[in-house]
Amino acid sequence: MKKVLVIGGGIAGIQAALDLAEMGIQVHLVERLPTIGGRMAQLDKTYPTNDCSTCILAPKMAECARHPNIALHTYSEVTALEGDAGEFRARVLHYPRYVDETKCTGCGECVAKCPIRVPDDFNMGLQQRKAIYMTFPQAVPQVMTIDAEHCRYLQQGKCGACARVCEAHAIDFEQTAQEQQIDAGAIIVATGYDFFDPGELSQFGYHQYPNVMTALEIERLISASGPTEGHLIRPSDGRPARRIGFIQCVGSRDVRHQRFCSAVCCMHSSKQAVLAKEHDPQVESFVFYTDFRASGKGFREYVARAREEYGVTYVRSRVAQITEDDIHNPIIHYEDAETSRPAQMAVDLAVLATSLIPRPATTSLAYLLGIEIDAYGFIKTDPFAPVDTTRPGIFAAGCCRGPFDIPESVIQASAAAARAAAINI
Amino acid sequence: MSHVTMTQNEETRVGVFVCHCGSNIAGYVDVAAVTAYARTLPGVVFAQDNMYTCSDGGLTEIKTAIKTHALERVVVAACTPRTHEPLFRDACREAGLNPYLFEFVNIRDQCSWVHRLEPEAATQKAKDLVRMGVAKARLLQPLEEQEMPVEPVALIVGGGMIGMTAAVNLASRGFQVKLVEREPELGGMMLRLDKLYPTQDDAQPLIQQRVAEVRRSKTIEVFTASTLHAIKGFVGNYDVTVRDREGRLSSFKAGTVIVATGARVFTPHGMYGYDGERVVTQLELEKQIADRRLQIANCNLQPAVSNLKRVVMIQCVGARIPERPYCSRICCTTAIKNALELRELNPETEVYILYRDTETQGTRYEAYYTRAREAGIQFIRYSLDHPPQVGEGRVVVYDELLGAKLGIPYDLVVLSTPLVAQEGAHELAQMLKVPLDEHGFFLEAHVKLRPLDFATDGVYVAGTCRWPSHLEETIAQAYGAAARAATILTKEHVTSSGVVARVDESLCRGCGRCVEVCEFGAPALVEVAPGIKVARVNPVMCKGCGACASVCPTGAMAALHFTDGQVMAMVRAALLNQK
C-alpha cells in the first residue's frame, strides 16, 4: 500500500488526511508546530453560522490522532524530497520537544511549576505562557513541549522544575532532533497563510497606538478561551470597547502591498462586529469598506442580519489615516464615498483587517518540492485543475494557494485527496 | 472497592466523569461540587472530574475506570454530544463496554454557557442534569450496530463538467460509475459558454476533452436524455431506476450518490426593458460573440466586425434584491469576461459595467478586475436606491462615486442575472430525501466543515446546484465530492448506528403514520398475514430521530436509547425535590 504525505496540519491538511485515511490510504501528516489545528484553532466563532470554531475543529483533530491510517508528525518539517510521483522519498525532521510523547499525560503539573513566562504566540502575545506549554487545551497530541529558546535548564543548565514534578518521568532534556525518511506516492501541501504586518503601514499607527489592533488579536480577545475570557477590552486602560471601527483592506487591494483581495475580511469583520454586540449589547460597530464582498453561501443574509439585528453600520469609504486623542481613542480619518468628503470618527478600538499573505517559508518549501509559486508567493495552481501544482503527484489545498475561507479550504482538501488517491493506485 | 461490589450486587454500576472544559464549564459551574454530588446518586460507584475529558488522557482514564471499577454504564457531563459523543462511545467500546451504555449530559452548551451570570444556579442545574443522566443511564440497554455490504458503484446525477469530472476521478480509481444526464448531450452549461475566465481560454476544448474522457472510460456508463426515476435504499445499497425520454427504464445498484445538476440562469422578463435583442442577458451576449467569431472565421471578415459602439452591462439584475437577497458570485467575472471579448472583437467598443460591489475576491479574480480596468472597461457604481433606467437609446444611472447622474447612449444593454435553482431540483431533493435551502440550492450537512456532504449518509453534492461558484471552485467540488464518495466506496461494509426505532409488532396496527412522518424512508408496512400489516424499520436508513415513535398511536414504535421508560426516569429525576 502506498502512502500520501500531507504537509500542514490546519483544517485543510486535517480534512485531506481524514479523507485519505477513510479511503484506506496510509497518511503521514507533518505539522511544523507542536499541535495540529492551524489557524482555525485560533478563531472564536465562524461565519455565517457563528459555530464555535474549536468545537467543530477539535473532533476532527481528535479523529486524526486516533485514526489507524494516520501517522502524526507534529513539531516536524519536511527538509528534502527525492523521487517522483508514485515514489517520492521525503526526509522529515522531528524537532525535540524535550518531552517524551509516549509518557506525557498532559496533566499540566510542569506548567504550574515552570518559572519562565514568555509571550504566547497562540494568543497573539496578548498573554504569557510558560517555557513548557501546551499550545491550547485541545491540542493534538495532548502533550507538553519545551520551548528550548526560553527554557532555563536548556539555556543555562539549571532549574529542571518540570522534571522534578513530572510523575510520568516524561521530561527528557537529552532529546535531539530526529530525521526520518517517509515514502509516499503523492504529496499534498496545505501549509496555510500568514498575516500582513500592518506596522508597514505607518498611517494606521498599529505599533504606536495601543487601541489599534489586528483582526486576529481581536479574535483572541472575543474568544471565551482567550486571554480575557471573551471580554473585549481596550489594551490601553482595560475598559470595555463599546465603539469599534473595523478597517477593511489593510494591505490588500493596494498596489504597494498586496494587489489581491484577501477574500475573507468583509465577512470576518462582520462576524466580529456581531460577536462583540452579542457579548455586550452596548457595542456599536462601524465597518469601513471599499467593495463589500459577500458572495458565499448565506453571506448576504448574514450581513443583512448584522446590519438590521445587530446595528452594524457599514461605511463605504477609504480610510486614510488613524490618529489618537489624549485618552488613546483611535480617530479614524476617512473619505466617505457617499458624500465624497473627508470625515473622522473617534472609536474605542480600531481593528485592522490585514491581508492574508503567503507564509515566508512557502517559497523555500516550494523550492524544496520542485513546485512553482505564483506572482504573489502562493503555490501556483491552474484555474481549471485547481489543486494540481506544477509538478505531477504534488497537490495543494487551502490558503497556501491563496486566500480562501474555511469551506473552500475544506473542499480543496477533499479535492486534493481525490487527486492524490488517483495518483496513488 | 470489592466491598462496594459485594454490597451493591444488584445495582447497575455507573461511573460519572465531569469535565471542566478548561474554564468553559469550571468558570461558572462548581465542578468539584457536581462530582461530589454525583457520588451520592443511586448506582454511582465512581465519579471524577477532568480538565478535558475528551483529551487522550481523559479518554484513557474512562477506559481505566471501566476496568478498575467494573463500570457497566458511563456518564460524561461535558460540552455537547453533537461533537463529542462518538469519542466517548469509542472509549467505552475500546474498554469492552457496549458503546450505547454511555450517556452524555450536556452541562456546557446548555448550562455553563447560558448561565454565566448565575454560577450558583448553574451549578444546581448541572447537578439536576447529572441526576437525570444517571437515572437514564441505569436503564440503558446495549444496542447492536448493523453491518451492510457496500456496492462499489457511484451514481452521479448531472453530466456537466462537474458530474463528469467526479466520474472520471472515481473511474480512474476503479469504481463503476453511472452518469445520468437529462439532456441528449453531455456537457451541461459549459456547452453554452464561449470563453472561460480568468484566462479567456475557449470553453469547448476543455468540456469536449472531459466528454471524451468519460466516453473512453470502460467503467463509466452514461445515460443521456435520462432522469432519475426512482431511488430506494441507503448508503452502500441503493436501488436506482433511470428513465429515458422514450420511457424506457434501466435499473442498477449503487453505493453512493453525487448530485451535480447545476443551475439555471435567471431570465429577466420585464426588467430593464429586456427583449432579447437590444437588451440581452450575458449568456445571450456570449452566444452572439461566439456566432460573430464563427462568422469572422468563415467569411474572412476584418477583425473589427463588431459594430457595437457602446455596450452597457447592468449587474445584479434580479439579485441582491429583497425577493432574491443573495449574490450570485460569478456575474461580475462573467461580465468582465464578455467585456474583454467585446473589446477584443472591436477595440473601439466602449463597455460600461454598472455594478454594486465588484465580487472579485482572492488573487485571480482581483487581478482579472484590474486587467479589465486596464483594458479600458468603465466601472460605474450604482446603488439600489437609484437603480439604472434603460430608456430609448440611453441608460441613465446615478454614479455613486461621482455623485451625479450620467446618461450613457447604448447599442446594446447586457443584463447580468443570477444563477437560480435548477428545474427539477425540488423533485430530486424529495426523491433523495435531502434538503434545499430557501433559494432552492441543495443544502449541505454543515456549511463550514461538511460542505459537500448531505446529512443523509452516502449522498454528496457538487457544483452550482449547491451554490453559484466559479468554474475553478466547482471543479474542486467535483474532485472533493469524488473523495467523499470514495470514502464509502472503498469500504466493504457500512455500519449503522444502534440508536434506531424498533417496532413491537404485537402492538402495531399498521396505520402507517410512522411511514408518513419519516423523512428518511426507514419504516415500511409489511403484510405479515393476509390483510394484516405491520410497520418494520430498516435500521440502516433510520436516523433514530424518534419522529415515528412520537406519532405512533399505540406505543408500538420505540426510539431505542430514548425509550418511554428511559425518558420517564429522567423526568422523575428532574422532578425530585433535591436540595
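**Two chains, their contact and their parts**

Where chain A meets chain B, the contact takes 64 residues from chain A and 58 residues from chain B. The model is a predicted one. On the side of chain A that touches chain B, helix 1 (11–22), helix 2, helix 8 (299–308) and helix 10 (406–423) of chain A each supply at least two residues. Helix 10 of chain A gives the largest share of that side, 13 residues. Sorted by class, the side of chain A that touches chain B holds 36 nonpolar, 14 polar and 14 charged residues.

Chain A can be read domain by domain. The domain assignment gives domain 1 (3–95 + 177–192 + 359–423), domain 2 (109–165) and domain 3 (196–355) of chain A. Between domain 2 and domain 3 of chain A, the C-alpha centres are 33 Å apart. Their contact takes four residues from domain 2 of chain A and six residues from domain 3 of chain A. On the side of domain 2 of chain A that touches domain 3 of chain A, there are two nonpolar, two polar and no charged residues.

For chain B, the domain assignment gives domain 1 (2–143), domain 2 (153–264 + 420–493), domain 3 (279–417) and domain 4 (501–560). The C-alpha centres of domain 1 and domain 3 of chain B lie 62 Å apart.

Which residues of helix 5 of chain B are buried? They are B:T83, B:H84, B:L87, B:F88, B:R89, B:A91 and B:C92. These buried residues pack against helix 2 (53–66) of chain A, and also against helix 4 (56–68), strand 3 (73–78) and strand 4 (102–106) of chain B. Just after helix 5 of chain B comes B:G96, which takes a positive phi of about 90°.

Chain B also holds an open sheet of five strands in the order 10-7-6-14-25, with parallel pairing. Strand 10 (220–223) and strand 25 (459–461) of chain B stand at the edges; each has a single partner strand, so one side of each is left without a neighbour in the sheet. From one strand to the next, the twist averages 20°. At one end of the order, strand 14 (residues 256–259) and strand 25 of chain B pair in the parallel sense over three bridges. In this pairing, B:V257 stands opposite B:V459 in strand 25 of chain B. Helix 8 (residues 161–172) of chain B packs on the sheet and touches strand 6 (153–157), strand 7 (176–180), strand 10 and strand 14 of chain B. The direction of helix 8 of chain B makes about 165° with that of strand 7 of chain B.

Another open sheet of chain B has three strands in the order 20-21-22, and its pairing is antiparallel. Its edge strands are strand 20 (389–391) and strand 22 (404–409) of chain B, each of which pairs on one side only. The twist here averages 25° from one strand to the next. Strand 20 and strand 21 (residues 394–399) of chain B pair in the antiparallel sense over three bridges. Here B:G391 stands opposite B:R394 in strand 21 of chain B.

Some details of the backbone remain. Most residues other than glycine have a negative phi, and most peptide bonds are trans. The peptide bond from A:Y47 to A:P48 is cis, with omega near 0°. A:P48 sits in the loop between strand 3 (45–46) and strand 4 (51–52) of chain A. In chain B, a cis peptide bond joins B:Y197 and B:P198, with omega about 0°. B:P198 is in the loop between strand 8 (195–196) and strand 9 (201–202) of chain B.

A:M124 is not a glycine, yet has a positive phi of about 55°. The residue lies in the loop between strand 8 (117–119) and strand 9 (128–130) of chain A. Is A:M124 buried or exposed? A:M124 counts as buried because it has 20 C-beta neighbours inside 10 Å. A:C249, also not a glycine, has a positive phi of about 55°. Its place is in strand 16 (residues 243–250) of chain A. With 23 other C-beta atoms within 10 Å, A:C249 is buried.

Terms used:
Residues are numbered from 1 along each chain as its sequence is written. Chains are lettered from A and ligands numbered from 1 in the order in which they are written. This is a predicted model: local features need pLDDT of at least 70, side-chain atom pairs count only at pLDDT 80 or more; totals for chains, interfaces and linings use all residues. A residue is buried if 20 or more other C-beta atoms lie within 10 Å of its own, exposed if 12 or fewer, and partly exposed in between; C-beta atoms are placed from the backbone. Helices (H or I, at least four residues) and strands (E, at least two) are DSSP runs, numbered from the N terminus. Two residues are in contact if their C-beta atoms, placed from the backbone, lie within 7 Å. Two strands pair if DSSP finds at least two bridges between them. Axes are lines fitted to C-alpha atoms, for helices over the stretch in contact, and angles run from 0 to 180 degrees between N-to-C directions. Domain bounds come from an automatic or database domain assignment. Ala, Val, Leu, Ile, Met, Phe, Trp, Tyr, Cys and Pro count as nonpolar, Asp, Glu, Lys and Arg as charged, and the others, Gly among them, as polar.
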